[in-house]
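Q: I would like to learn how to read a few features of a protein model. Could you take me through them one at a time?

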Amino acid sequence: MRLLVVEDDRDLNRQLATALEDAGYAVDKAFDGEEGHFLGDTEPYDGVILDMGLPRMDGIRVLEKWRRDGRTMPVLILTARDRWSEKVQGFDAGADDYVTKPFHMEEVLARLRALLRRAAGHATSEISCGPVLLDTRSSRVVVDGSAVRLTSHEYRLLAYLMHHQGRVVSRTELVEHLYDQDFDRDSNTIEVFVGRLRKKLGVEIIQTVRGLGYIAAPPEAPAKRG
Ligand code: CA
C-alpha cells in the first residue's frame, strides 16, 4: 500500500512517514498544499494523511479539488484540537476520518488501517485467503497456524494482493502501489518477489495470469473423484 503524507511541519511529516514506513507502507511526502494536491492528482495512492493548515493551498481546498476531479482514495485529515468547524468542513469536503493534533501515532495507524481495509471491502483487520492469514495490525502472516517471516517488500506485495483478492492485479499497478516515488521502479523485481513469496508461503494462493498480472485466491480444492 502506498500513502501520501501532506504536512508542512517537517518534523511531524518525518515522524509520520517513518512510522508508516515501519508499519510496511510505501510513503511519499509533500510539504505544502500545491505539492500535495499535485501528487494526489497524479499518483495512485491507497490513502492520504492531509493536514488542514497548509501553505500555498489549504487542506480543505486540496481535498475539494481532488474530490471534484473524481479522486476517491481514503483521506484522513489532521485538525487542530479546538477547531470543531474544521472537522465539519473536512467531512463536507470529502474526508473519511480525522485525528486531532496532538495525536498518538498508534491512533493514526489504527484509523488508517480501518480506512484501507474498508476501501478494499474488508470489515476486520485480519484478512484471510485459504490457509493464509494476514494480520494488518501486527503486519504478521500465518499459514496453517505457523508464522511466516517476510521482508517488508514481500509483506507489502502480499498485503496488496490479499486486500484485492479475487481481482487480477497488473505488474504496473503493483509497482505503483508498492513503491514510493523515489524508488527505482522495475517491474521485473515484482516477479522475483512473487517467486520468493510463493516459496515462503508454501501454498498456492498467488496465481500468474499470463499477460495480465497476478491474482490472489484460495488454492483450488482437490478435484473430486467420480
Ligand atoms: Ca500545518
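A: Let us begin with metal donors, which are N, O and S atoms within 3.2 Å of the metal where that metal is Ca. The model here is a predicted one.

Q: Which protein atoms are the donors of the calcium ion, and what spacing do they follow along the chain?

A: The calcium ion has as its protein donors D8 (OD), D51 (OD) and G53 (O), which lie 2.2 to 2.3 Å from the ion, and along the chain these donors follow the spacing D-x42-D-x1-G. Because D8 lies in the loop between strand 1 (2–6) and helix 1 (10–22), whereas D51 belongs to strand 3 (residues 47–51), the pair ties together parts that are 43 residues apart in sequence.

Q: Is D51 buried or exposed?

A: A residue counts as buried when its relative accessible area is under 20%. D51 has 4% relative accessibility and therefore counts as buried, while D8, at 31%, counts as partly exposed.

Q: Where is T189 placed?

A: T189 sits in helix 8 (residues 187–201) and, at 28% relative accessibility, counts as partly exposed. Its C-alpha is 35 Å from that of A95, and T189 and A95 are 94 residues apart in sequence.

Key: Residues numbered from 1 in each chain as written. Predicted model: local features only at pLDDT ≥ 70, side-chain atom pairs only at ≥ 80, totals over all residues. Heavy atoms only, no water. Donors = N, O, S within 2.8 Å, 3.2 Å for Na, K, Ca; no water. Helix = DSSP H or I, 4+ residues; strand = E, 2+ residues; numbered from the N terminus. Buried < 20%, exposed > 50% of the residue type's maximum accessible area, 1.4 Å probe, protein only.
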